[in-house]
Amino acid sequence: MRILILEDEEQALLRLQKMIFKVIPDAVILGTPSSIEEAMAWFQNNPMPELIFMDIQLADGTSFQVFNRIKITCPVIFTTAYENYALQAFKVNSVDYLLKPLMKTM
Amino acid sequence: MLNPQKNIVQHYGAESGFSELQPNLNSITKGPDGKIWIGTENGIACLNTLSSFASYRPVAGKYKLKVRASANNYFDAAPIAFYHFTISKSFWTTWWFYGLSVLLIATILYWIFMQRIRTIKKEKHIEQEKFQLQYDALKNQVNPHFLFNSFNALLNFVEDDPKEASILIKHLSLFYRKLTAYSQKELITLEEELELLDSYLFIQKKRYGSALQVSIDIDPGIKKTSWIPPLVLQLLTENAVKHNTVSKDKPLYISIITDQDQIVVRNTINYKMEKEESEGVGLKNIKNRYKLLTDREVKQEENNMEFIIRLPIIYN
């Protein structure tokens, strides 16, 4: 599965990648932009991935900005420490809203 | 019209040679207070008791001086001349003096009253500022998101690098320990603030990695002898992280140095696309806090590259 991860914190990224590989051993992490700017650059040069993990508080703003600029056609899973963005996340094509710290459910 | 101190009038004869008859001058006058003024030698009219006239203040009002002159002591036959004079009121008994006194006393009372209110307000204001700063710092930290994000980073270390994880836990607990201990105080030493900041930055650096670069160069001589309101440096660094992009491509550089009588906190500017809600509130509180502590101001500068805050160093 071709996956893109938007995350600005180093440790959070490492943790998420590790968990993805545990669940989907054949996952391919296409890129890990840490800001909206980097993400926009990535989208301009690459086709739409199959799944996007998005931290909401990115280095230069909230990841909702990405949706205002380009059409995201694949499912999105939000990962954030903030519970109050859930409604906003619901309005875009998100399939899940994971709260940090990320933990595997039993 | 005579002024109120006047308690003596002298009558001179108009004709030449009249003054020679003065010993026989007989005059009498009765004041509005009923006291009799008597004529004496040399045409002087004064209060009936000669010994005390010097200190007597006559009652204000209209007087009529009756004068009879005689060369041979037959006063009854002599014509009476009337002289009218008025003794004016002492100025402190006049209505305008009462008016002004009342006004003056009222003004003084009002001034004292306002001064007192101002003092109370200022005291209350100091308390409020102190509370606000503590509240802001606590809100941000006890803010569960800081904890959640820290735990998230921690989880990763626990699995990959337990030794690093234990150091991170140590700093997390140190940070909260100091936060609770210092936030109630009005001032802490610069050394205490730097220790708290050290733990805070350790946690933040673990989260952001090389995207967050901090250098601190404080004159070690003043760490124990200078004071700072608790959490000021922590709030300033936190603001820098909150408002600016912190990414590997665009790292955030923060430097904290001493420059003569100032602590200079600078950070590179790379504002986020969306402004944070609470922007400027924390900084305003810091400025207000210093205003109540010292005459020297907290200075704020901004150019294309950097955001700079200069805090006055407070010595004992």
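# Briefing on the predicted two-chain model

The buried residues of H5(B) are Val232(B), Leu233(B), Gln234(B), Leu235(B), Leu236(B), Thr237(B), Glu238(B), Asn239(B), Ala240(B), Val241(B), Lys242(B) and His243(B), where buried means under 20% relative accessible area, exposed over 50% and partly exposed in between, with a 1.4 Å probe and protein chains only. Helices (H or I, at least four residues) and strands (E, at least two) are DSSP runs numbered from the N terminus. The model is predicted: local features need pLDDT of at least 70, side-chain atom pairs count only at pLDDT 80 or more, and totals for chains, interfaces and linings use all residues. Residues are numbered from 1 along each chain as its sequence is written, chains are lettered from A and ligands numbered from 1 in the order in which they are written, and side-chain values use heavy atoms, with hydrogens and water left out.

**Chain B overall**

- Chain B contains 6 helices and 14 strands.
- Of its 316 residues, 41% count as buried.
- Among contacts in chain B with a separation of 6 or more, 69% are between residues 24 or more positions apart; contact means heavy atoms within 4.5 Å.

- H5(B) spans residues 232-243 and has 12 residues.
- From first to last C-alpha, H5(B) reaches 16 Å, close to the 16 Å expected at 1.5 Å a residue; the expected span is 1.5 Å times one less than the number of residues.
- H5(B) is mostly covered, with 12 of its 12 residues buried.
- Leu231(B) is found in the loop between strand S9 (226-228) and H5 of chain B.
- The phi angle of Leu231(B) is near 75°, a positive value in a residue other than glycine.
- Leu231(B) counts as buried because its relative accessibility is 1%.

**Other loop residues of chain B**

- Gln260(B) also has a positive phi, near 55°, in a residue other than glycine.
- Gln260(B) is placed in the loop between strand S10 (252-259) and strand S11 (262-268) of chain B.
- Gln260(B) counts as exposed because its relative accessibility is 72%.
- Lys185(B) is in the loop between helix H3 (162-182) and strand S7 (188-189) of chain B.
- With a relative accessible area of 38%, Lys185(B) is partly exposed.
- Lys185(B) touches Gln134(B), Glu192(B) and Pro230(B), not counting residues up to four places away in sequence.
- Lys185(B) and Lys130(B) are 55 residues apart in sequence and 8.8 Å apart in space, C-alpha to C-alpha.

**Interface between chain B and chain A**

- In this interface, 26 residues of chain B are in contact with 28 residues of chain A.
- The buried area is about 2,400 Å², of which carbon and sulfur atoms give 45%; buried area is the accessible area (1.4 Å probe) that two parts lose on being put together, summed over both.
- Between the two chains there are 5 salt bridges, a salt bridge being a side-chain nitrogen of Lys or Arg within 4 Å of a carboxyl oxygen of Asp or Glu.
- Asp160(B) and Lys18(A) meet through their side chains in a salt bridge (2.8 Å, N to O).
- Helix H2 (144-160) and helix H4 (190-208) of chain B each supply at least two residues of the side of chain B that touches chain A.
- H2(B) gives the largest share of that side, 11 residues.
- By class, the side of chain B that touches chain A has 8 nonpolar, 8 polar and 10 charged residues; Ala, Val, Leu, Ile, Met, Phe, Trp, Tyr, Cys and Pro count as nonpolar, Asp, Glu, Lys and Arg as charged, and the others, Gly among them, as polar.

**Chain A**

- Helix H1 of chain A (residues 10-23) has 14 residues and reaches 20 Å from its first C-alpha to its last, close to the 20 Å expected at 1.5 Å a residue.
- The buried residues of H1(A) include Leu13(A), Leu16(A), Met19(A) and Ile20(A).
- Cover for the buried residues of H1(A) includes strands S1 (2-6), S2 (28-31) and S3 (51-55) of chain A together with H2 and H4 of chain B.
- Thr79(A) is found in strand S6 (residues 76-80) of chain A and is buried, with a relative accessible area of 0%.
- Residues that Thr79(A) touches include Phe53(A), Asp55(A), Leu98(A) and Lys100(A), not counting residues up to four places away in sequence.
- Lys100(A) is joined to Pro101(A) by a cis peptide bond, with omega about 0°.
- Pro101(A) lies in the segment after strand S7 (94-99) of chain A.
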